Amino acid sequence: MGAPLMDWAHSLRLIAPEELLSTAGLVLLLAAAWAGDKASRAISIVAVATLVGAMALVAPALCAGATGPDTVAFYGQFRADAFASFAKLLIYGSAAVALIVAPAFFEKFRAMRAEYPVLVLFAAVGTGMMVSASDFLTLYIGLEMNSLASYVLAAFLRADDRSAEAGLKYFVLGALASGILLFGVSLTYGFTGSTSFEGVRLAMAGGLSTGMVFGIVFVLAGIAFKIAAVPFHMWTPDVYEGSPTPVTLFFATAPKVGAMAMLMRVALDAFGAQAAAWQQIVIFAAIASIVIGALGAIGQQNIKRLLAYSSINNVGFILIGLAVATPQGAAAMLTYLAIYVVMTVASFVVVLGLQDADGNQVERFADIAGLSRSRPLLAAAMATVMFSLAGIPPLFGFWGKFVVFQAAVAAGFVPLAAIGIAASVIGAFYYLKVVKVMYFDEPAGKVTGQGDPVHTVLLVATGLVLSPLGYLLTKWLGALSGSAAAALFHVG
Amino acid sequence: MNGFPILSLMLLVPLVGAIACLVSGERLSRQIALAATLIDFVLGVLLWLNFDMGAGHAQWQFVERVPLFAGFSWALGIDGIALMLIVLTVFLMPICIGASWESVEKRLGEYYAAFLFMETLMIGVFAAQDLYLFYIMFEAGLIPMYLIIGIWGGADRIYASYKFFLYTLLGSVLMLIAMLWMAHDAGTTDIPTLMAYNFAPQAQTWLFLAFFASFAVKMPMWPVHTWLPDAHVQAPTAGSVILAGVLLKMGGYGFIRFSLPMFPEASAQFAWLVFALSMIAVVVTSLIALVQHDMKKLIAYSSVAHMAIVTIGLFAFNVQGLEGSMIVMLSHGLVAGALFLCVGIIYDRLHTREIDRYGGLSINMPRYALFFLLFTMASIGLPGTSGFVGEFLSLGGIYQVSSWVALVCTTGIILGAAYMLYLYRRVAFGVQKNADAAAMTDLTFRELAMVVPLALAVLWMGVYPESFLAPMRADIAALDARVARAKPAGDAKVTAGKPIADAHMSEHEGGAH
């Protein structure tokens, strides 16, 4: 009698963060409808508070290293383990930053609307569901929830052609990716008889049918769209460039972490029994992303496009951690993701800070020449991020690459590591170019706007993490990502 | 001094100074930088004085070990080899600051901060006892040097800064993969432990090549030396001094600390490659130096030639060769630094490095001509100067291995005399054909304060090298014992007459060449 009720109560407790965020989203949607755009700032503040609350709710599971049957909700549909908590902390945190930096940006266009925080909240819920999904149906629902909110966010500046174009492109290609993913899921279901990750893993442990190989390929291709891995990366530069910068910041962090964590769970849990079947695909995607991301960035004249290629490049490095298919590799991916989120936030906050005297955004390289004279702090922050993204020690970005390559070497993938790291030198070229433009070139005198105190606080905080002081976090980060990865590999 | 973290303090002083420079900006940064480097120099002298060289002393001294990070630790400690290179670093740094005192005019705070960061990282490279800590320090030096060349360099500085950065980065990243493999195989990142660890000979081949890629670029060895002339020519004077004085030594230090003790078999296997590249380097770069019109470029090419003497000495697998290489490194650090300084002194007056724009400087700048002559002679290797000691020992060491290598490399010394004397004649002797060069004033007090210590050090090392050899003797003997098992047979039968040695020789006779 009491058992089902207990189950429900337990399940509802496990999804407390999602409940909090959904309820807050719905209430704020009503508030937005009644109060209108005047209340947008207040709604943003409440939304940020809700996200921080949700972070507080997911943190205990990570600290306790939650794993095993106690973390399963709704009869295997949903998992609230340490792994999901790690990803959700990053997702909610970056969503909160995307809200904090937004009002100042949108108010310049008189486009700060109350729907923005609500959409971000819903996208965050969906992204959180992606990382917690332990069934392909939950996964798809989470993915679509995130995607639908994201399509609207990309086109949020309705009057701006580039923003509308970004929204449309994102929608068409995202729908295509969803279709491919669904096709893969249906093949998987057809050949294994289950949509739950556990069922798929058990069915695949017995052997791999040709049909299932197609299923794996289509599922991975669908997810590769979402993480913008080569050869499914074409939409990224356009969407990053066209979307309003706070939205780009959001796209580059939360959904990226969500899709990557989702990929990890699908590959290592659902398809974990047949790692050899997908490792080659991942190795190809990793190397191709590193090389194409680096080469594509070289000719760019727009900073946001450059950062888009840089994110493709970084995805390649993260995928090296997946290719080795070990707990150490998974932990390395999580560490990399955490550092990557900090770097990405810092880089887009700098982009937001690039304004001319009238407060218009400046995005072209030629316009930030000599930035180190007019805005030394902004230039120093950008240089830190660039060297960090290039993986030059002693900046903390090196650590992400370091742990990934360490995992690859430990698992015997020495040639992969060697090729990957040699290709990283190509990437260093364009990161250096940014530093060169800001420090070596004569000032263009374009960026003269005043700094925003919120930006300064964010830049100082991220700058401290990316500075050599960040290495003091390595033990803590290593322990957390280790327990999160252990939860992912916990069978049963 | 036991237990007092003097090495950490030596790293911290320039770091704090760098931050202070960034904050204080234009006004005080010179003074702060000078104070920080002088404090570090005093600490370096204390380090030397407190270094235990008595019989049976510990190989690693001033050891600090704090497990601060995941997977590696803040592990510092030095032996005699590292001590000497640290002393060289802290000795050159105040001179670098002095060389920039008036010639650098823009963005002073950032300039001196970059130099002080550089000092921290250089000391860190020599003091690191953890593999990954070493790598971080080794690589991190690229950032300040990139900025120094790129912001304060000459006309073609951007190309030079890119080339410097990407060349050295590409060389180093493969070393990281090798380090990851080594740490995984040996289960430790502790450098002293790894120096005694025996890697499988097949693995050594790959590891050696990965490290070689990094150190050969840093050294630099022919044919991957091409970044050096560009970087030197474009860098500001102090940048050239530190580049030639210390950064190039990192490659040699890497060979002596990693390649030789950790991969002795592979070192022996690739010794022919090192010899071949070094022989080409000595002759080719000396010939190139002979036809240069740019003073800095000439000295840069001479650096490549001198570094080739270092590498042949290192791979001679005997004590003379190793000691000679170390002395050449220290001597070249002083002499090349001093020569770049001498170029900088007249560049500050005339703003050109063209040799033809000068002439007859010994007439209007007698004191300058005197010091320039001393450093020229030291570069050639005149007895009584530091250059002689190092080159003599190195060539003596290689002579035991191969007479031919010794012969070719000695040709380089002769060519060295040719290009240096030719340079000196064109700059200091002859008629004063250029009026503006003839009007230049002699050394100021600041410039004297820079060249006099250098000159004294050069003479000290030339007349009494024992002061510099003593701290390293035990470490070099230990290294020689470590690599003895892989020692290639030499063509010089110097030990003929002793029965045991005879047996040893004949055993290897077949594979000698």
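The model is predicted: local features need pLDDT of at least 70, side-chain atom pairs count only at pLDDT 80 or more, and totals for chains, interfaces and linings use all residues. Residues are numbered from 1 along each chain as its sequence is written, and chains are lettered from A and ligands numbered from 1 in the order in which they are written.

**Where the chains meet**

Let's start with the interface: 26 residues of chain A are in contact with 25 residues of chain B (C-beta atoms, placed from the backbone, within 7 Å). On the chain B side, α5 (131-140), α6 (142-152) and α7 (157-186) each supply at least two residues; helices here are DSSP runs (H or I, at least four residues), numbered from the N terminus. The largest share, 13 residues, comes from α7(B). By class, this side of chain B has 22 nonpolar, two polar and one charged residues. Ala, Val, Leu, Ile, Met, Phe, Trp, Tyr, Cys and Pro count as nonpolar, Asp, Glu, Lys and Arg as charged, and the others, Gly among them, as polar.

**The core**

The largest nonpolar core has 408 residues. Such a core is a set of buried Ala, Val, Leu, Ile, Met, Phe, Trp, Tyr and Cys residues joined through C-beta atoms within 7 Å, where buried means that 20 or more other C-beta atoms lie within 10 Å of the residue's own. Among the residues with the most contacts inside this core are V120(A), I86(B) and I177(B). Helix α15 (residues 327-353) of chain A gives the largest share of the core, 20 residues. Leaving aside residues up to four places away in sequence, V120(A) touches A47(A), A95(A), A98(A), L99(A) and F250(A).

**Two helix pairs**

Axes are lines fitted to C-alpha atoms over the stretch in contact, and angles run from 0 to 180 degrees between N-to-C directions.

| Helix pair | Angle | Axes |
|---|---|---|
| α4(B) and α6(B) | roughly 150° | within 9 Å |
| α15(A) and α20(A) | about 145° | 9 Å apart |

Helices α4(B) and α6(B) are therefore roughly antiparallel (angles over 145 degrees). Their contact involves Y111(B), A114(B), F117(B) and M118(B) of α4(B), with residues of α6(B) including P144(B) and W152(B).

In chain A, α20 spans residues 453-466. Residues in the contact of α15(A) with α20(A) include V342(A) and G353(A) of α15(A), and H455(A) and L466(A) of α20(A). By class, that contact has eleven nonpolar, four polar and no charged residues.

Technical notes:
Two residues are in contact if their C-beta atoms, placed from the backbone, lie within 7 Å. A residue is buried if 20 or more other C-beta atoms lie within 10 Å of its own, exposed if 12 or fewer, and partly exposed in between; C-beta atoms are placed from the backbone. Angles under 35 degrees count as roughly parallel, over 145 as roughly antiparallel, 65 to 115 as roughly perpendicular and the rest as oblique.
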